[in-house]
Amino acid sequence: MSAATTTYEDFAAAPPAREPVLEIRNLSVEYGYDESPTRVLRDVSLTLHRGEVLGLAGESGCGKSTLAYAATRLLPPPGLITGGEVLFHDRDGGTRDILRLSDRDLRASRWQDLAIVFQGAMNSLNPVYRVGKQLVDAIQAHLPGVGKKEAYERAEHLLELVGISPDRVRSYPHQLSGGMRQRVMIAMALALEPQVLIMDEPTTALDVVMQRQIVEQIAELRERLGFSVVFITHDVSLLIEIADRIAIMYAGEIVEDANALDVYRRPRHPYANGLLHSFPPLRGERRELGGIPGSPPDLGRLPSGCPFRARCEFAFDACATVRPRLTPPAVPGDDPRRRVACLRHDPEAVAAAGFDPVPVPPELAVR
Ligand SMILES: Nc1ncnc2c1ncn2[C@@H]1O[C@H](COP(=O)(O)OP(=O)(O)OP(=O)(O)O)[C@@H](O)[C@H]1O
Ligand SMILES: [Mg+2]
């Protein structure tokens, strides 16, 4: 799949896969040992469908990595999951809640059901072992029946899959470029053919060319191997090229969740709209780059009402006190499956709280 042949529309035109493979429901996470811990994730619900690439975007500190760690039960202390479920649906119809698995079942599930490539993963290879040995160890740790020769063959095949020459099994990490080390980590995550791959900023530390190659490779592998991907980045422009759906996070909550093309062409949340105006459009008319004024709130001291209101050009009186809920946008003809957390799109909640509803501004109702 080359840059010349793959367009955003190709991705968007892929038929939507609707069978869920991972359902995160009302996940809440706190950080801190003391009596006033910081609530970092608040009731986050998100569904990944089979074969889908779900992009998760948002500014630094909004809770993307926390969500990835909590969903895989890899959250380091002082992080604590305070509520929710993470349901994994097997191909054979079984469902298990990752948060409630025994340690033994969790170990079996990790890497096979669900694998994660960490933010900055390329630095987590052990410098004193050849990459082949590290791949082989990972394979044998989970599949004890696999012999050494077979494991090495598998390691070579995995390297090939991610575009690295198989003879690199003999290389030490320092003999590889940053992009190659990152690919090794992706190979490692794919070693047990997981059904879900969570990638936390897998390309952020790399230059643009390498970034592009890796993203294309992930898209191609996804087609070939049929897994589902949660792709985390603060770079929405990257997601528009690779993701089927995009969820936008702000201050520990999902504020918009929609088909990627819809997010790109018809953002409904003022924050999504602002993010999209923070980089040049891929095609079509040039437009002025706006960016978003201000910075995200301190999660330990969130304001009442909508967490985005201080930065929002469309805020009105209700936003100061009413907390927005994720609901379908109030734009006729919109995909009923899309969701947005904005009072401009929720006249019912506004009226119920005793405020006069205000119309959806044209900027948030683009058709
Ligand atoms: N160990 C910790 N103790 C206390 N707070 C933490 C800890 N780790 C993260 N946080 C807080 O949790 C919030 C979310 O952090 P997280 O790393 O999930 O953000 P992120 O969206 O992945 O950001 P980035 O784009 O920079 O990777 C941040 O506000 C951060 O300050
Ligand atoms: Mg992060």
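Helix 4 (residues 131-142) has 12 residues and runs 17 Å from its first C-alpha to its last, close to the 16 Å expected at 1.5 Å a residue. The expected span is 1.5 Å times one less than the number of residues. This is a predicted model: local features need pLDDT of at least 70, side-chain atom pairs count only at pLDDT 80 or more, and totals for chains, interfaces and linings use all residues. Residues are numbered from 1 along each chain as its sequence is written, and side-chain values use heavy atoms, with hydrogens and water left out.

**Helix 4**
- Helices are DSSP runs of H or I with at least four residues, strands are runs of E with at least two, and both are numbered from the N terminus.
- Val131, Gly132, Gln134, Leu135, Val136 and Ile139 are buried in helix 4. Buried means under 20% relative accessible area (1.4 Å probe, protein chains only).
- These buried residues pack against helix 5 (148-161) and helix 6 (178-190). Contact here means heavy atoms within 4.5 Å.

**Helix 7**
- Helix 7 (residues 208-225) has 18 residues, which should span 26 Å at 1.5 Å a residue; its end C-alpha atoms are 25 Å apart, which agrees.
- Its buried residues include Met210, Gln211, Ile214, Val215 and Ile218. Glu216, Gln217 and Arg222 are also among them.

**Two domains**
- The domain assignment gives domain 1 (20-243) and domain 2 (270-364). Such bounds come from an automatic or database assignment.
- Their centres, taken over C-alpha atoms, are 31 Å apart.
- In contact are 13 residues of domain 1 and 12 residues of domain 2.

**The domain interface**
- About 1000 Å² is buried between domain 1 and domain 2, and carbon and sulfur atoms give 62% of it. Buried area is the accessible area (1.4 Å probe) that two parts lose on being put together, summed over both.
- Arg42, Glu59 and Val236 lose the most area on the domain 1 side, together 44% of what that side buries.
- The rule finds one salt bridge across the interface. A salt bridge puts a side-chain nitrogen of Lys or Arg within 4 Å of a carboxyl oxygen of Asp or Glu.
- Glu59 and Arg311 form a salt bridge through their side chains (3.0 Å, N to O).
- Strand 2 (38-49) and helix 8 (236-242) each give two or more residues to the side of domain 1 that touches domain 2. Strand 2 gives the most, with six residues.

How values were computed: Chains are lettered from A and ligands numbered from 1 in the order in which they are written. Buried means under 20% relative accessible area, exposed over 50%, partly exposed in between (1.4 Å probe, protein chains only).
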